[in-house]
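Keep the 3D view open as you read.

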Amino acid sequence: MAQPAPRKLGRGFHVTRRAVALFVLVLVLAVSYFNSLRVYFDQERQIVQTRAEVAERTQAISDLETELQRWQDPAYVKAQARSRLGWVMPGEVGYRVIGPDGKPIDTSVQIEQSGSVPPGEEAPTWYESLWGSVETADDPKAK
């Protein structure tokens, strides 16, 4: 029986069954490897995220343990009671500053400070910062 002649696609280039089979085999292997590589990279990304989360939680645990140790110190407990609750020691006189609305002014006023200076401006000098804190102490609600 005579075999069919291979097809010609151009000058001198013949496509045989073996070439088609080889091409299909390479294509199947490439698809399977790409899928496996995608799964591998997804897992690597998840591992990195999980390690970062573990490190973050470990740091949070360390911070909480440090705070717990601080609360074991009686001097720290006294300082917190004085600042948070307004307690005074025997023999001391406690004062509360009353605002125009008749309510005590919050003693935990924080001076806002931005970490960066806008372009074209210079950071304030130490005496400008000091004067700004004096102005804030005079009128904390204005800023």
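## Starting at a glycine

G86 is partly exposed, with a relative accessible area of 39%. What you are looking at is a predicted model, so keep that in mind as we go.

Which residues does G86 touch, once we leave aside its neighbours within four places in sequence? The answer is A81 and R96. R96 is 10 residues away from G86 along the sequence, and the two C-alpha atoms are 8.7 Å apart in space. A81, the other contact of G86, is one of the buried residues of α2, so let's step back into that helix.

Helix α2 covers residues 74-85, which makes 12 residues. From its first C-alpha to its last it reaches 16 Å, close to the 16 Å expected at 1.5 Å a residue. Which residues of α2 are buried? They are Y76, Q80 and A81. These residues cover an arc of only 135° around the axis, and that puts them on the same side of α2. What do they pack against? Their partner is α1, which spans residues 17-71.

Leaving aside neighbours within four places in sequence, Q80 is in contact with W71 and L85.

The side chains of R82 and E92 meet, with 3.0 Å from N to O. R82 lies in helix α2 while E92 lies in the loop between α2 and α3 (126-138), so the pair ties together parts that are 10 residues apart in sequence. Both ends are partly exposed: R82 has a relative accessibility of 36%, and E92 has 37%.

Now for the salt bridges in helix α1. A search of the whole structure finds four salt bridges, and R57 with E53 is one of them, the closest N and O atoms being 3.1 Å apart. R57 and E53 both lie in helix α1, four residues apart, which is about one turn of the helix. How open are the two partners? R57 counts as exposed at 54% relative accessibility, whereas E53 is partly exposed at 40%.

R45 and D42 form another bridge, at 4.0 Å from N to O. These two also lie in helix α1, three residues apart, again about one turn of the helix. R45 is partly exposed, with a relative accessible area of 44%, and D42 is partly exposed too, with 29%.

Where can you find a nonpolar surface patch? Look for V20, F23, V24, L27, V28 and V31, which together make a patch of about 560 Å². Pick out V24 from that group: V24 is found in helix α1 and is partly exposed, with a relative accessible area of 45%.

Finally, zoom out to the whole chain. How many helices and strands does the protein chain have? There are three helices and two strands, and from the N terminus on they run β-β-α-α-α. Among contacts between residues at least 6 apart in sequence, 11% join residues at least 24 apart.

Notes: Residues are numbered from 1 along each chain as its sequence is written. This is a predicted model: local features need pLDDT of at least 70, side-chain atom pairs count only at pLDDT 80 or more; totals for chains, interfaces and linings use all residues. Side-chain values use heavy atoms; hydrogens and water are left out. The expected span of a helix is 1.5 Å times one less than its number of residues. Buried means under 20% relative accessible area, exposed over 50%, partly exposed in between (1.4 Å probe, protein chains only). The arc is that of the directions from the helix axis to the C-beta atoms. Contact means heavy atoms within 4.5 Å. Patches are made of residues with over 30% relative accessible area and no salt bridge: like charges are joined within 9 Å, nonpolar side chains (Val, Leu, Ile, Met, Phe, Trp, Tyr) within 5 Å. Accessible areas come from the Shrake-Rupley method with a 1.4 Å probe; for residues, only the protein chains shown count as cover.
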